Amino acid sequence: MELRLENLTKIFTNKTGTDTTAVDKLDITIESGTLVGLLGPSGCGKSTTLFMIAGLIKPTSGKIFFGDDNVTRLAAEKRGIGLVFQNYALYPHMTVYKNILFPLENMDVARDEAIQRVKDMANLVGIGELLDRKPAQLSGGQQQRVAIARALVKRPRVLLLDEPLSNLDARLRLQMREEIKRIQRETGITTIFVTHDQEEAMSISDKMVVLDFGVQQQYAGPQEMYNNPGNLFVAKFLGNPPINTLESKIKNKYLMINDQKFMKVDLPDGTYDIGMRPENFRAASEDSEMKIEVDIKEIFHIGRDTMIHFDFNDQNMRALVDSDAVTADSKKITLTIKKERVYIFDKKTGKVIDHA
Amino acid sequence: MRNFFKKIKKSIKDFLWDVRKKIKIRQRKIGAYLDERNLNIATKFPGWAKALLYLSPALIVLAIFTFWPIFNAFRLVLYEGYNMTDNTITGYTIFGNFIKVINDESFIFPAQHTQGTAIVNTLLIVFISVPISIFLALFISVALNSIKPLKGFFQTIYFLPYVTNTIAIGLVIAYMFKSDGGLINQIFGLGEFSWIERGSEHWSAMFVLIFYSIWGSLAFKIMVFLTSIQGIDKQYYQAASIDATPRRRIFSRITVPLISPMIFYILVTSVIGAFKIYNHIVALFGVTGKPEGVNFTMQSIVMYIYKYIDGGGNNLSIAAAGSLILFSIILILTLVQMQASKKRVHY
């Protein structure tokens with residue numbers, strides 16, 4: 001089921017009459033059978049978008065299409081969606097079996113078929129043995145699986161997940177990530193999920209939408225977005241450790257760093273925002289094209305990585321380098337970075353400028 | 001002017017702060033003094049002794065006003081011919097007072113040419129008014145919860161009976177059901193039908209009494225149900241609405257189970273309360289429970305007990321036997337309810 005948002009806008013008006021635009025003119029087309037992550041900092045309108053797709057919040061303007069059906073004015077129960085809530089909202093007084101069966105009780109399904117579907121779904125999400133338990137007797141990960149089974153058992157057109165992993169501990173989160181991906185692959189259902197965790201979104205989505213203040217920043221595949229961020233916000237939001245950003249001048253077609261000519265660029269003179277990811281730095285060899293010698297301020301060994309701190313234009317920078325490249329008492333290092341991994345952003349609009 | 005008040009406020013707060021500091025210093029000094037002489041309650045006495053010490057005010061009051069009377073009821077029921085004024089008895093009996101109560105006129109068996117007995121009246125009220133009022137309260141609180149405009153207004157209206165005097169409401173109800181120009185007779189065009197006055201029937205008087213007791217007990221139930229419904233996580237309803245659950249199923253499968261502990265609490269307390277019905281009957285039918293010119297009695301068990309307490313103190317043993325019968329009925333019914341609720345109440 002292809003899902004299309006056209007000009008979707010939501011404006012909340014509070015008691016004093018002030019308007020807050022939670023979602024601003026969203027235009028997204030989600031291809032059938034893909035897993036799409038809605039990503040953004042808290043308060044950026046991602047959950048509002050999800051609830052508008054679910055039908056629990058009415059949009060101020062704009063349209064929502066499921067395939068060719070315009071569902072904008074359709075009530076939530078007629079849209080045929082499955083929704084997994086952040087804290088799962090499992091009915092505490094029902095067993096797992098009854099929780100999963102509940103959506104089917106409201107549909108035209110024969111009893112035998114309904115029971116079969118519950119069992120199949122429970123096996124698919126891996127809780128086949130827990131059907132007699134109450135939600136309170138389950139671990140967080142198991143509750144999550146029940147919630148997904150309950151959402152999927154009625155064979156919805158679209159599956160929506162609201163911060164599905166935020167209530168789980170770190171290890172379970174990694175495991176459930178893969179589970180969600182596997183369940184989505186096996187059922188082939190168009191899935192949208194909301195998260196504020198960029199790593200989570202990057203690891204399971206086919207495509208991601210990054211939102212900020214209700215405005216769509218970029219819509220692309222995770223790796224594509226990581227390697228080619230559309231603007232400074234996306235570049236800063238993705239990646240851990242975060243991208244290094246600094247102000248730098250371009251003089252006579254050269255990007256100046258620490259008053260040295262660092263890189264030749266075909267751009268007019270002026271001040272620009274520059275982004276360089278810590279892991280894209282390398283210790284320079286003799287034949288490196290662009291290199292710069294820096295004073296090492298600090299060295300951190302974090303497991304397999306070595307992180308060094310240094311200054312570019314008096315702004316603190318971080319680089320992940322090979323542990324062989326530095327010793328504990330290294331004072332200086334010569335670094336290099338590939339030209340296409342240096343992102344130059346317009347100072348005013350924050351948009352990336354193509355310079356390669 | 002505003003500055004002046006600010007200054008006063010500040011000086012009061014400073015003063016309170018200093019006082020608190022001084023108290024703390026004093027406490028610390030006292031503590032050190034007690035520790036030095038090994039007198040500290042916290043370390044000197046074992047836990048249960050401290051618990052008893054702190055519980056003692058409540059225990060003393062309970063002992064005087066609850067346990068001692070209960071003990072006395074058991075004592076009195078064994079006496080024969082007890083005379084309160086000179087505190088003498090003529091003998092002892094085990095079942096004698098119970099047999100007297102059971103054989104008494106209008107306790108279990110009706111008196112001649114009279115309808116209704118204390119047991120029958122009380123049981124009718126318990127088994128009719130309690131279920132009806134619980135169902136009504138549930139529906140009203142769900143309805144109140146779902147309306148947005150004038151919510152506070154309606155909540156106040158439904159809560160009014162709770163803050164109004166029972167006797168006053170009783171008088172109003174009696175006036176409504178008057179045969180001569182009463183509101184009910186006028187609305188339904190019943191002429192001069194006698195509901196509770198001279199010439200009325202047992203069933204019509206019972207109808208008015210049950211109507212009155214339901215109305216009087218609705219307010220508290222609605223308040224309890226409404227607060228517990230408002231405490232239910234909205235996400236359950238969102239999840240149910242996404243699954244296209246019809247309203248009545250949301251009510252029966254989500255709302256009711258989720259507030260079932262409260263429903264059970266209300267059920268147990270209302271059954272007990274209904275067994276102890278007294279004011280309602282007095283308000284409508286007077287202290288004897290038998291208006292003039294009727295062939296029935298509206299007396300309840302508690303009224304029966306009061307009748308013998310009032311009788312000069314020489315029939316206290318019968319009153320005690322009556323209370324113990326009431327006590328055992330309530331006890332058995334409550335145990336039955338607890339047993340039956342085990343599967344249906346979800347904590």
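Buried residues (under 20% relative accessible area, with exposed over 50% and partly exposed in between, for a 1.4 Å probe and protein chains only) make up 51% of the 356 residues in chain A.

The C-alpha trace of chain A spans about 75 × 45 × 40 Å along its principal axes. Its accessible surface, from the Shrake-Rupley method with a 1.4 Å probe, comes to about 16900 Å², and 45% of this belongs to carbon and sulfur atoms. Chain A carries 48 positive and 49 negative side chains, with the centres of the two sets 5 Å apart; Lys and Arg count as positive and Asp and Glu as negative, while His and the chain ends are not counted.

## Strands of chain A

Eight helices and 22 strands are found in chain A, where helices (H or I, at least four residues) and strands (E, at least two) are DSSP runs numbered from the N terminus. Two strands are said to pair if DSSP finds at least two bridges between them. Strand S1 (residues 3-13) of chain A runs antiparallel to strand S2 (residues 19-30) of chain A, to which eight bridges join it, and Ile11(A) has Thr21(A) in S2(A) as its bridge partner. These two strands form a hairpin with five residues between them, and Gly17(A) in the turn has a positive phi of about 90°. S1(A) also pairs in the antiparallel sense with strand S4 (residues 61-66) of chain A over five bridges, with Arg4(A) opposite Phe65(A) in S4(A).

An open sheet of three strands in chain A has the order S15-S20-S16, with antiparallel pairing. Strand S15 (282-283) and strand S16 (292-295) of chain A each have a single partner strand and stand at the edges, so one side of each is left without a neighbour in the sheet. Two bridges link S15(A) to strand S20 (residues 332-336) of chain A in the antiparallel sense, and Ala283(A) stands opposite Leu335(A) in S20(A).

## Domains and a helix of chain B

The domain assignment, which is automatic or from a database, gives chain B domain 1 (1-44) and domain 2 (101-341). The C-alpha centres of these two domains of chain B lie 52 Å apart.

In helix H14 (residues 301-310) of chain B, the buried residues include Ile301(B), Met303(B) and Tyr308(B). The buried residues of H14(B) pack against several helices of chain B, among them helix H5 (118-146) and helix H15 (316-341).

## Conventions

Residues are numbered from 1 along each chain as its sequence is written, and chains are lettered from A and ligands numbered from 1 in the order in which they are written. Because the model is predicted, local features need pLDDT of at least 70 and side-chain atom pairs count only at pLDDT 80 or more, whereas totals for chains, interfaces and linings use all residues, and side-chain values use heavy atoms, with hydrogens and water left out.

Conventions: The place of a charge is taken as NZ of Lys, CZ of Arg, CG of Asp or CD of Glu. Contact means heavy atoms within 4.5 Å.
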